[in-house]
Amino acid sequence: MQIVRVASESFLSDISRLEQECFSTPWSYSEILSSYKSGCVFLVSIVDDKVVGYAGFYISGDITNICVSNEYRGRGIGKALVESLVNTAKSMSLTDLFLEVRVSNNIAIALYEKCGFKYVTTRKKYHKNGEDALIYSREV
């Protein structure tokens, strides 16, 4: 497995594909492109020349999304992406990272807590379906 920082638009279609696969309300390609052009830092995980996961964050410290293809889950890729994201943020002199996670996403919550994120607060009815979002943060 290799994790690389996206340095051109070439990986954005892979990120879009993962969004469609992994999320019930995925970002569109144009939203991903707009985020990239606005300075969002994307990291991708590559296994056997295939993009199987990605993570993104803004210089503000806000993490956009972290996801791993269903076929590649349970192999430590998510943890490696989070750790790479933290290291990249640190190299950019960020001090804190923040993320929102659906209250029902127990697997992601366990991963974030394992990676040093701490619960901050709850945003009630944050998602379109009325589900709450938990806010987590971590010093880098």
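What is the relative accessible area of Lys50, and which class does that put it in?

Tutor: The model is predicted, so local features need pLDDT of at least 70 and side-chain atom pairs count only at pLDDT 80 or more, while totals for chains, interfaces and linings use all residues. Residues are numbered from 1 along each chain as its sequence is written, and side-chain values use heavy atoms, with hydrogens and water left out.

Lys50 has a relative accessible area of 32%, and it is therefore partly exposed. Buried means under 20% relative accessible area, exposed means over 50%, and partly exposed lies in between, with a 1.4 Å probe and protein chains only. The side chain of Lys50 meets that of Glu71 in a salt bridge, at 3.7 Å from N to O. Lys50 belongs to strand S3 (residues 50-57) and Glu71 to the loop between strand S4 (63-68) and helix H3 (77-91), so this pair ties together parts that are 21 residues apart in sequence. A salt bridge here is a side-chain nitrogen of Lys or Arg within 4 Å of a carboxyl oxygen of Asp or Glu. Helices (H or I, at least four residues) and strands (E, at least two) are DSSP runs, numbered from the N terminus.

S3 also pairs with S4, in the antiparallel sense and over four bridges. Strands count as paired if DSSP finds at least two bridges between them. The bridge partner of Gly53 is Val68, in S4. The hairpin of S3 and S4 has five residues between the strands, and in it Gly61 takes a positive phi near 100 degrees. S4 is mostly covered, with six of its six residues buried.

Cys67 is buried, with a relative accessible area of 4%. The structure holds zero disulfides, a disulfide being a pair of cysteine sulfur atoms within 2.5 Å. Cys22 is in none, and the nearest cysteine sulfur to its own is that of Cys67, 3.9 Å away. That distance is too far for a bond. Cys22, at 17% relative accessibility, counts as buried.

S3 has an aromatic contact as well. A search of the whole structure finds three aromatic pairs. One of them joins Phe42 and Tyr54; it is tilted, with 5.8 Å centre to centre and 55 degrees between the planes. Phe42 lies in strand S2 (residues 41-47) and Tyr54 in strand S3, so the pair ties together parts that are twelve residues apart in sequence. Both rings, Phe42 and Tyr54, belong to buried residues. Rings of Phe, Tyr and Trp (its six-membered ring) pair if their centres lie within 6.5 Å; planes under 30 degrees apart count as stacked, over 60 as edge-to-face and the rest as tilted.

To return to the salt bridges, the count comes to six. Among them is the one between Arg123 and Glu100, at 2.1 Å from N to O. Arg123 is in strand S6 (residues 118-123) and Glu100 in strand S5 (residues 96-102), so the contact ties together parts that are 23 residues apart in sequence. Arg123 is partly exposed, at 38%, and Glu100 is partly exposed, at 35%. Asp132 and Lys124 form a salt bridge at 3.5 Å, N to O. Here Asp132 counts as buried, at 17% relative accessibility, whereas Lys124 is exposed, with 65%.
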